Amino acid sequence: MNGFLHAFIISYTKERGNAHSSPTYSLWSLKWESPARNRMKEQVQPAKPAKRRLSYKEQKEWEEIEDKIAALETKLQEITLEMEQAASDYEKVQRLASEHEQLSAELDALLERWAELSELVEALQSK
């Protein structure tokens, strides 16, 4: 029995000693709204219209993202090469592995964002 219970209050008061004062009324009633009814209200809401163009920030990001991805890939290759060369230095390899992991996560996030932006650009160009 999940839902919302709304209460409305009505009361009647009349000031004493003032024959010309008008009474004020308040209503007491209970209204039950079920979750199914709330979902129906949500479904009736019109969908937001699709974007018509990229925002300035998205346009700037779209122009720069491929260069950032290329730079990160180059940096990861350099770190991998350094790790291979410093195989006997455990501390250096550990530090490089940590940096490699961090840059890999950053690259993954950039690639996901690139995919989002490319889908948006393709959708805008197809219109």
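A residue is called buried when its relative accessible area is under 20%, exposed when that area is over 50%, and partly exposed in between, using a 1.4 Å probe and protein chains only. By that rule Trp114, with a relative accessible area of 31%, is partly exposed. Keep this residue in mind, as we will come back to it.

The structure is a predicted model, in which local features need pLDDT of at least 70, side-chain atom pairs count only at pLDDT 80 or more, and totals for chains, interfaces and linings use all residues. Residues are numbered from 1 along each chain as its sequence is written, and side-chain values use heavy atoms, with hydrogens and water left out.

In soluble globular proteins, nonpolar side chains tend to be buried together. A nonpolar core is a set of buried Ala, Val, Leu, Ile, Met, Phe, Trp, Tyr and Cys residues joined through side-chain atoms within 4.5 Å. Here the largest such core has 10 residues, among them Ile65, Leu76, Leu103 and Leu117. Helices α2 (56-85) and α3 (90-126) each supply at least two residues of this core; helices are DSSP runs of H or I, at least four residues long, numbered from the N terminus. For a closer look, pick Leu76: leaving aside its neighbours within four places in sequence, Leu76 is in contact (heavy atoms within 4.5 Å) with His100, Leu103, Ser104 and Leu107.

Now back to Trp114. Which residue does its ring pair with? The rings of Trp62 and Trp114 have centres 6.4 Å apart and planes at 20 degrees, so the pair is stacked. Rings of Phe, Tyr and Trp (its six-membered ring) pair if their centres lie within 6.5 Å, and planes under 30 degrees apart count as stacked, over 60 as edge-to-face and the rest as tilted. Trp62 sits in helix α2 and Trp114 in helix α3, 52 residues apart. Trp62 is partly exposed, at 23% relative accessibility.

Charged side chains come next. A salt bridge is a side-chain nitrogen of Lys or Arg within 4 Å of a carboxyl oxygen of Asp or Glu, and the count comes to two. In one, the closest N and O atoms of Glu61 and Arg113 are 3.1 Å apart. Glu61 lies in helix α2 and Arg113 in helix α3, so this pair ties together parts 52 residues apart in sequence. Arg113 also bridges to Glu116, with the closest N and O atoms 3.0 Å apart. These two both lie in helix α3, three residues apart, about one turn of the helix. Through shared partners, Glu61, Arg113 and Glu116 form one network.
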